[in-house]
Amino acid sequence: MILVTGGAGFIGGNFVLDWLAGSEEPVLNLDKLTYAGNLDTLASLKDDSRHVFVRGDIGDRELLAHLLTEHRPRAVINFAAESHVDRSISGPGEFIQTNVVGTFNLLEAVRGYWNDLTVADKQSFRFLHISTDEVYGTLLPGDSPFAETHPYEPNSPYSASKAASDHLVRAWHHTYGLPVLTTNCSNNYGPYHFPEKLIPLVILNALSDKPLPIYGDGQQVRDWLYVKDHCSAIRRVLEAGTPGETYNIGGWNEKPNLEVVHTICSILDELQPRADGKSYSAQITFVQDRPGHDRRYAIDARKLERELGWRPAETFETGIRKTAQWYLDNLTWIQGVTSGSYRDWLKEQYAL
Ligand code: NAD
Ligand code: DAU
């Protein structure tokens, strides 16, 4: 089996669903169920014996040692993290705890387990660490996209904590020989995305007749990848990546935020028009910028394409339409996540 951490979150949840849709190999899913973890995402696996869910912390070395010895996974895929940049600005402590200290404890537990494997099992074992393009910092308009060789220049508490975890993973390979792989992906979007992030927030606010908050001038550029394409890239790297290597994942979809929001509004205008006949874009509101806001991210995914033959299946245009339709079709999942604590966060962040 494989051990997935953070498998009740946005990307981890999509990964577990996709994995079990295409493979009989069971998944042990370890997730702390923070505000971002949601078992509703995995509801379709409720009676599926191939999915074993354990609520727990990647920082709990004793629990990890027990789970590894009991289930003997052939690979660990580490999605677990605090992932929201704005929350890392208002409260960085949890980010250091989970992303840095947690990854350290996970690596140590896995190293202990891996050391005791047979030579053949040691060789085929993989620790795949899921990371982000934000570790590379920010780009100017004419700069080349981030390649794997780009220096690490993280700018937010979130990206600094992810950069630290990437360095730990690298060191555990060079020093102890642990067969690690690291992927650095651009912005994801798609089903089961927690509505604190731009795309789901805009879709849900639009449908609830609330303001669509744009930070600063809205000209910051992000490089968008449909989450299921991220999942297929991870499966490919797990299958064929070279231990010790890092792989950038992206779909060559750079867009300024304001354009993304206008695109969502026009899709919703078509799929579920406002009662007054106006466009949802009338709800766009410019708000105070994020402190230290990175201006542009762009991923050069040529290494993954060239060496492992991976290609995304969706363009931004096809993926964003599927995403808008998914939110319209899944109001029960949305009602489940829009709990009291989430409403408190909205009040604190936007004063809306
Ligand atoms: P998310 O916030 O939606 O989910 C994180 C999951 O991790 C949640 O289920 C949460 O309960 C769990 N978790 C948090 N702390 C934990 C701990 N200490 N122990 C066990 N579980 C814990 O995040 P996401 O957007 O799905 O991101 C997953 C990974 O992918 C993260 O490592 C993130 O840095 C990386 N990433 C995200 C994006 C993106 O656009 N969302 C892009 C590139 C990389
Ligand atoms: O690049 C990969 C990263 O993408 C991941 O590592 C992070 O985990 C993930 O959260 C995401 O980070 P961003 O900060 O880019 O995503 P977010 O959805 O928070 O914001 C996207 C852009 O939209 C960013 O420029 C900030 C802006 N924004 C965001 C929100 C929530 C707004 O203008 N208004 C908003 O209300």
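Me: Contact here means heavy atoms within 4.5 Å. Leaving aside its neighbours within four places in sequence, what is Arg-296 in contact with?

Reply: This is a predicted model, in which local features need pLDDT of at least 70 and side-chain atom pairs count only at pLDDT 80 or more, while totals for chains, interfaces and linings use all residues. Residues are numbered from 1 along each chain as its sequence is written, chains are lettered from A and ligands numbered from 1 in the order written, and side-chain values use heavy atoms, without hydrogens or water. With those neighbours set aside, Arg-296 is in contact with Gly-137, Thr-138, Leu-139, Leu-140, Pro-141, Gly-142, Asp-143, Phe-146, Val-221, Arg-222 and Glu-254.

Me: Ok, and is Arg-296 buried or exposed?

Reply: Arg-296 counts as buried because its relative accessibility is 8%, where buried means under 20% relative accessible area, with a 1.4 Å probe and protein chains only. Arg-296 sits in the loop between β12 (284–287) and α10 (302–308), these being DSSP runs numbered from the N terminus, with helices (H or I) of at least four residues and strands (E) of at least two.

Me: What lies 3.0 Å from a polar atom of its side chain, I mean that of Arg-296?

Reply: That is the backbone oxygen of Asp-143. As for Lys-255, which is 41 residues from Arg-296 along the chain, the two C-alpha atoms are separated by 9.3 Å.

Me: Switching to ligand 1, which residues come nearest?

Reply: There are 28 residues around ligand 1 (a heavy atom within 4 Å), and Ile-11, Asp-31, Ser-83, Tyr-158 and Lys-162 come nearest. An oxygen atom of ligand 1 is 2.7 Å from a side-chain N or O atom of Ser-83, and an oxygen atom of the ligand is likewise 2.7 Å from a side-chain N or O atom of Lys-162.

Me: How much of ligand 1 does the protein bury?

Reply: Taken alone, ligand 1 exposes 840 Å², of which the protein buries 97%, with areas from the Shrake-Rupley method and a 1.4 Å probe.

Me: Which element gives the most to the shell around ligand 1?

Reply: That is β5, with three residues; the elements giving two or more residues are α1 (10–22), β5 (126–132), α6 (157–176) and β7 (187–189).

Me: Last one: what does Ile-199 touch, not counting residues up to four places away in sequence?

Reply: On that count, Ile-199 touches Tyr-189, Trp-224, Val-260, Ile-264, Phe-316, Ile-320 and Thr-323.

Technical notes:
A polar contact is a pair of N or O atoms within 3.5 Å; within protein, one must be able to donate a hydrogen and the other to accept it, and residues adjacent in sequence count only if both atoms are side-chain atoms. Buried means under 20% relative accessible area, exposed over 50%, partly exposed in between (1.4 Å probe, protein chains only).
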